[in-house]
Amino acid sequence: MSTVLFDTPGPRTRARHRLYTILTGVGLVALLAWFVWYLYEHGEFAYELWEPFVTPEYVEALWQGLLDTLAMAVLAILFAVVAGFLLGVGKLSEHRLLRWPSWLVVEFFRAVPLLLLIIFLRFGPLSLSPYWSVVVGLMLYNGAVLAEITRAGVLAVPRGQVEAAYALGMRKTQVMLAIQLPQAVKVMIPAIISQCIVALKDTSLGFYVLAPGLTTVGRSIWIEFGNQLQTALVLSAIYIVCNLILTAVAMWAQRRLVGERKPIVHPVDPGMGQGGPAPGSS
Amino acid sequence: MDDLLDQRDLVLQAFWLTIQLAVLSGVCSLAFGTVLAAMRVGPISVLRGAATTYVTLVRNTPLLLMFVFVFVAAPNIGWFVGTPFLLKGVIAVSVYTSAFICEAVRSGVNAVPLGQAEAARAIGLTFGQTMTSIVLPQAFRAVVPPVASVLIAMTKNTSIAAVFGLMELTGRMRYFTNNSADDTAIFLTFAVLYIVLVELISAGAIGLERRWRAAR
């Protein structure tokens, strides 16, 4: 292993590293064993606490919750892609009347916490249903992020393509629709899939407004059985599996569509959910 | 809007609580995230594996579930029973954010070209000199923008503490909303307070970047 931090180790260093490996390995295993034993002592492995996750009715409820969560995330991302395209192209427009409002909308929804937005949509003058307040909130936030991704994608199209199109006598709109956007979409698809992961994690905020979804189902289970820890573990496992599948799909799309070029997702959203970059840094 | 002006103490308290949450979580996540990053780039395979597992698991779990673990599940096994809410919020946010800080720092270290360290060793610099005058200054510079993004996202993520009863900005906005036309003004006020925080971090990052770029 070659790294910038240290030289390739010699025999004595390797022996020392082997010792550290054994010591830390033993330490970690001991810590894990102690934790499991601690949980066992507290009776956290009792069958009654895990029972709902092997009972068909509850498994079905969780499955329904997962489907709701996925449906909300997919719906939000579909709307967000459309909004993102419009805002992203708007930000690139030559007309100030288009550029400035697009910029304002994007910056605003990127800087406001999603939960604040959802609460406003649910309990504010609009009084949307719990389901739609989550979907619309996700749509506005992800639309703002995808606008930046669209902008980056369009700007990533080689300059020569645009110049060639103008040289052929195409109009501005034609260049955007026929030359820039189709090539941008190809680069953007991995970023859009990554944004699905963020949206999927953020649907958990439906918990606060009692929107259908995994976390709300989870709450009703732990209220009934008093098994908060077990429910939280099962929910985390479900989220982690879904997100790892999406990550694999995004990586496959990246290899397939973009190749060795850098993905454009990183400067825009660290993937933390309801996050965003430093406005003005892009 | 009159409500807000009459009870501006409550708004300012909420703002202060959000700032406390953000600063404390920021410090904790930076410390823990840097340790994780050191484990991930270090030579000891067990620690590398442990840090990678931690990052993979935490990054793919929603922050809301971190709060569920700390606020709802942990008291069941006798942990964090009498802990103040602020501290519990800081723990939940830091556990989550440190995984992202780790990735940002690691990408910064990996951004330093291998040839830089090799050249430093070739001209006879010791390990300490290589680190302090060649590798780390370049790594810090590469780390600033992604870490700033993570800290901004973290500041917004502190809003989830409202779900578990902390009266920070988001919780306070819920308290003021009452299905009236005023709600839009209230929402915009609280949104602006968040935007102020975000802009402060952003300005700090831009300042640091500019300063270090000049030093190059």
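For chain B, an unreviewed UniProt entry lists residues 14-42, 63-81 and 185-208 under "transmembrane region"; UniProt positions are given here in the numbering of this text, feature names are shortened, and annotations may be inferred rather than shown by experiment. The model is predicted, so that local features need pLDDT of at least 70 and side-chain atom pairs count only at pLDDT 80 or more, whereas totals for chains, interfaces and linings use all residues. Residues are numbered from 1 along each chain as its sequence is written, chains are lettered from A and ligands numbered from 1 in the order in which they are written, and side-chain values use heavy atoms, with hydrogens and water left out.

The table sets out the annotated spans for which secondary structure was computed, with helices (H or I, at least four residues) and strands (E, at least two) taken as DSSP runs numbered from the N terminus.

| Span | Helix | Strand | End C-alpha atoms apart |
|---|---|---|---|
| Chain B, residues 14-42 | 97% helix | 0% strand | 41 Å |
| Chain B, residues 63-81 | 58% helix | 0% strand | 20 Å |
| Chain A, residues 66-250 | 86% helix | 0% strand | 20 Å |

The span in chain A is the one that UniProt, again in an unreviewed entry, gives as "domain: ABC transmembrane type-1".

Chain B as a whole has 9 helices and 0 strands, and its C-alpha atoms fill a box of roughly 70 × 45 × 25 Å along the principal axes. Of its 216 residues, 48% are buried, where buried means under 20% relative accessible area, exposed over 50%, and partly exposed in between (1.4 Å probe, protein chains only). Among contacts (heavy atoms within 4.5 Å) between residues of chain B at least 6 apart in sequence, 75% join residues at least 24 apart.

B:Thr18 belongs to helix H2, residues 8-41 of chain B, and counts as buried because its relative accessibility is 0%. Apart from neighbours within four places in sequence, B:Thr18 contacts B:Thr158, B:Glu168, B:Leu169, B:Tyr194 and B:Leu197. B:Val147 sits in helix H7 of chain B and, at 10% relative accessibility, is likewise counted as buried. With residues up to four places away in sequence set aside, B:Val147 touches B:Leu30, B:Ile101, B:Ala104 and B:Val105. From B:Val147 to B:Phe176 the separation is 29 residues in sequence and 33 Å in space, C-alpha to C-alpha.

Chain B also meets chain A, in a contact that takes 66 residues from chain B and 64 residues from chain A. Between them the two chains bury about 5600 Å², 73% of it on carbon and sulfur atoms, buried area being the accessible area (1.4 Å probe) that two parts lose on being put together, summed over both. On the side of chain B, B:Asn60, B:Ile77 and B:Lys156 lose the most area to chain A, together 12% of what that side buries.

Across this interface there are 9 residue pairs in polar contact, both residues at pLDDT 80 or more; a polar contact is a pair of N or O atoms within 3.5 Å, of which, within protein, one must be able to donate a hydrogen and the other to accept it, while residues adjacent in sequence count only if both atoms are side-chain atoms. Several elements give two or more residues to the side of chain B that touches chain A, including helix H3 (45-59), helix H5 (85-110) and helix H7 (127-157), and H9(B) gives the most, with 11 residues.
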